[in-house]
Amino acid sequence: GFTQPLWVALMVPVNALPLALRLRGLPVQLLSLAALLWNLVLVRRLTRRHFSTARARHWLPAAVLTAFYYPLNYCALMGLESGLQALLTTALVLLALDVVWGGEDRHRELWLVGAAACLLRMDMLLIVAVVQIYILAKGGVRGPRRRASWLQGAALCGAALAAYGAWRWVSFHDLLPNAWYLRFYRIPPAVRLMRGAVTLGAWISDHLLLLAAVAAGYVAAVFLRPRGAEPSLPDAPGLPAQEPSGAPAAAARSALPTGLAARMELPAGLILVACLVSVFAGGDAIEADLLPRANRFLVFVMPLLFILWNGLINQAADRIARRRPGDALLRRFVVTLATVLALVVADGLWLAADDAGNWMALLGGDPPAGVRSHAEIYASLRSLQGRLQAGRVVATGAPGITAYFTGFRVVDMLGGNERRIARSAPAVPLRPGDFADYVPGRAKWDHGYVLARYRPDAVLGWRGAGDPAPWLAAAGYRRVAGGEIWLRGAPAP
């Protein structure tokens, strides 16, 4: 089944556009760019509405850090669903805090966004669950009207997920996608968890100063909160700039604690969940080739970390404003310095293992990692298109590029769209002592089965252990000079 059904559904109409195949990746990149820009709008709104004070309403730190966080931009613009995932996550937090802190009845919208998030990625179920637990724990469902809208939204979300589950069962005879079996089924848990812990440790090390500063700020917000701390001021159409009038709204707000610490709990909890998911999944395959500073399991929650940092900046600016009300220059200096330091840490621009390379990547001085190898694959595909007609079967270890930019029928040699391989045991033994060699989702293959079952007309980009020449020559394939293309001696009719 599809691992990211919503993302696939958004990509399908692109292929109906009157564009050459080589250009059909551009609309998807533009869609991701739109999601990244829309996310900035929500980051601004969330920061001003729930992580600001009356005297300090700065939002540019969170927006700048999000806009220039290279790993998120990289994942989104290379075609992953990360930009839309970040947008939906920010929207979930904004709606949840509106419900809990703003006294708003936005349960239906929250559940619909949650349904979209779960259809985007199955592991977003945990994010949605934490959001709803937070709302229930903070009394966001008090009162018959709110309870009714919460139940209505839950029913809509459940119906959407059940409908897709039924479709997946009818279409694929399974409720889980192949990616789940490739990552978890018959994979030794110790190997998976050890690799996941190491990759998470690398992310923590790369962002340690920022993570430590936010953690220290949270502790300070909990234990050093001044008496009479002001709640944040809402800032959006439909929400007043003052506390809402009326007994019900006043009662709803009076039942809640005020201050920054309680608002930080939800974003911090979601970041923790993302870390646990990354460990449980064993990290991501992209880390083996591209060595990013954050993988796809973590990049989408990074805007929340930047919002938390922005909230702490506003608290500091608020204290300065109360103690030195006429010194606006000092406040601006503190805000700017804190933003610059966080940007340097987040993007590894100083005192990092490859700070010069990180600078070049951020400024566009070098092609993004993977672009050259993707160009080589595409060049091989262009050569192959001159030899095979559309509709022929190609077995490959690079199925995404092959399927999207050609008219071939594609078999993933690593089991991404092959049921038997996905449910098989790893092709090589996986032992805890060799956990660093494990690449999530790329540990299973059965080349003999693929060649015999599908009789592909061509093999492109052999993946797996050993020399492919004996396998392919024995099966009747010949290698095309100057590339990784192997053609069957007599193409199937």
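A crossing of two helices is left-handed if the near helix is turned anticlockwise from the far one by less than a right angle, and right-handed if clockwise.

**Ground rules**

I am working from a predicted model, where local features need pLDDT of at least 70 and side-chain atom pairs count only at pLDDT 80 or more, while totals for chains, interfaces and linings use all residues. Residues are numbered from 1 along each chain as its sequence is written, and side-chain values use heavy atoms, with hydrogens and water left out.

**Overview**

I noted 22 helices and five strands in the chain. Helices (H or I, at least four residues) and strands (E, at least two) are DSSP runs, numbered from the N terminus. Of the 493 residues, 47% are buried. For that I use these cut-offs: buried is under 20% relative accessible area, exposed is over 50%, and partly exposed is in between (1.4 Å probe, protein chains only). I also looked at contacts, meaning heavy atoms within 4.5 Å. Among those between residues at least 6 apart in sequence, 72% join residues at least 24 apart.

**Helix α2 against α5**

Two packed helices are described by the angle between their axes and the distance between the axes. My axes are lines fitted to C-alpha atoms, for helices over the stretch in contact, and angles run from 0 to 180 degrees between N-to-C directions. Helix α2 (residues 26-50) packs on α5 at about 25 degrees, and the axes are 9 Å apart. The two are therefore roughly parallel to each other; the classes are roughly parallel under 35 degrees, roughly antiparallel over 145, roughly perpendicular from 65 to 115, and oblique for the rest. On the α2 side I found Trp-38, Leu-42 and Arg-49 among the contact residues, and the α5 side includes Leu-87, Asp-98 and Trp-101. By class this contact has 14 nonpolar, four polar and three charged residues. Here Ala, Val, Leu, Ile, Met, Phe, Trp, Tyr, Cys and Pro count as nonpolar, Asp, Glu, Lys and Arg as charged, and the others, Gly among them, as polar.

**Helix α5 against α7**

I stayed with α5 (residues 82-102), whose axis comes within 10 Å of that of α7 (residues 124-137), crossing at roughly 10 degrees. That makes α5 roughly parallel to α7. Leu-92, Ala-96 and Val-100 are among the α5 residues here, and they face a set in α7 that includes Ile-127, Val-131 and Tyr-134. How many charged residues does the contact of α5 with α7 have? I found no charged ones, with twelve nonpolar and two polar.

**Helix α3 against α16**

Next I checked α3 (residues 60-67) and α16 (residues 328-346), whose axes come within 10 Å and cross at roughly 20 degrees. They are therefore roughly parallel to each other too, and the crossing is right-handed. Pro-61, Val-64 and Leu-65 in α3 meet Val-335, Thr-339, Ala-342 and Leu-343 in α16. I sorted these residues into six nonpolar, one polar and no charged.

**Aromatic rings**

There are 14 aromatic pairs in the structure. Rings of Phe, Tyr and Trp (its six-membered ring) pair if their centres lie within 6.5 Å; planes under 30 degrees apart count as stacked, over 60 as edge-to-face and the rest as tilted. I picked Phe-2 and Trp-167: the ring centres are 5.8 Å apart and the planes are at 25 degrees, so the pair is stacked. Phe-2 is in the segment before α1 (5-11) and Trp-167 in helix α8 (residues 144-172), so the pair ties together parts 165 residues apart in sequence. Phe-2 is partly exposed at 33% relative accessible area, and Trp-167 is partly exposed at 40%. Elsewhere I found Trp-180, Tyr-181, Phe-184, Tyr-185 and Phe-280 forming one aromatic cluster.

**Leu-182**

Leu-182 touches Leu-414, Ala-422 and Tyr-438, among others. From Leu-182 to Ile-421 I get 8.3 Å, C-alpha to C-alpha, across 239 residues of sequence.

**Two positive phi values**

Most residues other than glycine have a negative phi. Arg-186 has a positive one, near 65 degrees, and sits in the loop between α9 and α10 (189-206). Arg-186 is partly exposed at 49% relative accessibility. Leu-351 has a positive phi of about 60 degrees, in the loop between α16 and α17 (355-363). Leu-351 is exposed at 69% relative accessible area.

Terms used: Lists of a residue's contacts leave out its neighbours within four places in sequence.
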